[in-house]
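This report describes selected structural features of one protein model. The sequence and the structure are shown first.

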Amino acid sequence: MDKRSRALLKTLIERYIEEGQPIGSRTLSRFSGLDLSAATIRNVMADLEEMGLVTSPHTSAGRIPTPRGYRLFVDTMVTVRPLEEIAAREVERGLLPDSPQRVLTSAAQILSNLTHFAGVVMTPKRAQVFKHIEFLRLGEGKILLIMVTPEGDVQNRILPTTQDYTPSQLIEAGNFINTQFAGKSFDQVRLHLKSDLDNLRADISGLMALALQSGVADYDMSGGDMVLSGERRLLNVGDLSSNLDKLRKMFDMLEQKSVLMQLLDVSSHADGIQIFIGGESDLLPYEDLAVISAPYSVDGQIVGTLGVIGPTRMAYDRVIPTVDITSKLLSGALGSYSKLK
């Protein structure tokens, strides 16, 4: 695609996002800054339509972007604006290190408030990484495993045991595990100890095996949960609410969560902002919907993902920095909370 075609496509998408109406050659001539005849613009539009980047609605001679056109725009043409200072302060104030759950809920609400779409946060998967472990004797044949995650969550698990451990043995085992493995996932611990478990002292080895086998089994890493805020705002988006069948499918997706969880999980394995344009892949099969997401971390370890759900016709230049700074400030808030613990 030559520079002229790129400039006209960029102008068309920016004007369509702004106006919400099919864009004709006269508008393109006025806003593109190019000295082109209407006939030349129409020829370029026909080429772009043949390439699958724009399409003509039945009722208008103007064009609108296709999912493929939006993809090219967000990947190579969008100019991201810095987040306004007032909005940045609102994010920072709303994410003071309180309890992890309240901070996550606040993050989803802030994303919704700033963008006027739906905000979503995939919560950290339980017990992915532990910061601190303690063992307490509950009685004969029972030990309480207390585990603190980097996010500050405290999780408890009763472990049945055939051996009667003394309080000093439990303290020593906890200290050993914390010294050697704090900050690692249980999978990493299991791999590390694959050949060394038998070489540990019997009491430490037994407690370590209990923590790995009994404790980890219940903290399945198959998925966290999801906090959703502002989904009703999508009812006010004409592009999404004008078709009742599409609207029903969209809210089915939000209610079932499976599609969103898959998207957010994909985002957690990537660096930085991810943009999913509806209709371009099986990941988001709803043509008028887009999701902008970013991972967040604690102590350098990615623990979840957040994002904004809105129409494909959204102001990407403003939503992208909103998602970006919220993910960074959420990481900082959760990190501060874990240090306070």
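## Basis

The model is predicted.

## The five-stranded sheet

An open sheet is formed by 5 strands in the order E7-E3-E10-E9-E8, with antiparallel pairing.

Val291 has Ile309 of E10 standing opposite. Helix H12 (residues 258–268) lies across strand E3 (118–122) as well as E7, E8, E9 and E10, and runs at about 50° to E9.

## The three-stranded sheet

A further open sheet has 3 strands in the order E4-E5-E6, and the pairing is again antiparallel. Strand E4 (132–139) and strand E6 (154–160) are its edge strands, each pairing on one side only. From one strand to the next, the twist averages 25°.

E4 and strand E5 (residues 142–148) are joined in the antiparallel sense over 7 bridges. Phe135 has Leu145 in E5 as its bridge partner. Helix H7 (residues 167–181) packs on this sheet and touches E4 and E5; the direction of H7 makes about 160° with that of E4.

## Helix contacts at H2

Helix H2 (residues 25–32) makes contact with helix H3 (residues 38–50), their axes coming within 9 Å and crossing at roughly 105°. H2 and H3 are therefore roughly perpendicular to each other. On the H2 side the contact is made by Ser25, Leu28 and Ser29, and on the H3 side by Ala38, Ile41, Arg42 and Met45. Sorted by class, the contact of H2 with H3 has 4 nonpolar, 2 polar and 1 charged residues.

H2 also meets helix H1 (residues 3–19): the two axes come within 10 Å and cross at roughly 105°. H1 and H2 are therefore roughly perpendicular to each other. From H1 the contact takes Leu8, Thr11, Leu12, Arg15 and Glu19, and from H2 it takes Thr27, Leu28, Phe31 and Ser32. These residues of the contact of H1 with H2 divide into 4 nonpolar, 3 polar and 2 charged. Leu28 of H2 is listed in the contact with H3 and in the contact with H1.

## Aromatic pairs

The count of aromatic pairs comes to 3. One of them joins Tyr70 and Tyr316, a tilted pair with 6.1 Å centre to centre and 50° between the planes. Tyr70 lies in helix H4 (residues 67–76) and Tyr316 in helix H13 (residues 316–340), so the pair ties together parts that are 246 residues apart in sequence. Tyr70 and Tyr316 are both buried.

Phe73 and Tyr316 form an edge-to-face pair, with 6.5 Å centre to centre and 65° between the planes. Phe73 is in helix H4 and Tyr316 in helix H13, so this pair ties together parts that are 243 residues apart in sequence. Phe73 is buried, as is Tyr316. Through ring pairs, Tyr70, Phe73 and Tyr316 are linked into a cluster.

## Two loop residues

His116 sits in the loop between helix H6 (100–115) and E3. The phi of His116 is near 65°, a positive value in a residue other than glycine. For comparison, most residues other than glycine have a negative phi.

Asp282 is placed in the loop between E8 and E9. With a relative accessible area of 76%, Asp282 counts as exposed, because the cut-off for exposed is over 50%. The C-alpha atoms of Asp282 and Val259 are separated by 9.4 Å, and the two residues are 23 residues apart along the chain.

Note on methods. Residues numbered from 1 in each chain as written. Predicted model: local features only at pLDDT ≥ 70, side-chain atom pairs only at ≥ 80, totals over all residues. Heavy atoms only, no water. Pairing = 2+ DSSP bridges. Helix = DSSP H or I, 4+ residues; strand = E, 2+ residues; numbered from the N terminus. Contact = heavy atoms within 4.5 Å. Axes fitted to C-alpha atoms, helices over the stretch in contact; angles between N-to-C directions. Parallel < 35°, antiparallel > 145°, perpendicular 65-115°, else oblique. Nonpolar A, V, L, I, M, F, W, Y, C, P; charged D, E, K, R; others polar. Phe/Tyr/Trp six-rings, centres within 6.5 Å; stacked < 30°, edge-to-face > 60°. Buried < 20%, exposed > 50% of the residue type's maximum accessible area, 1.4 Å probe, protein only.
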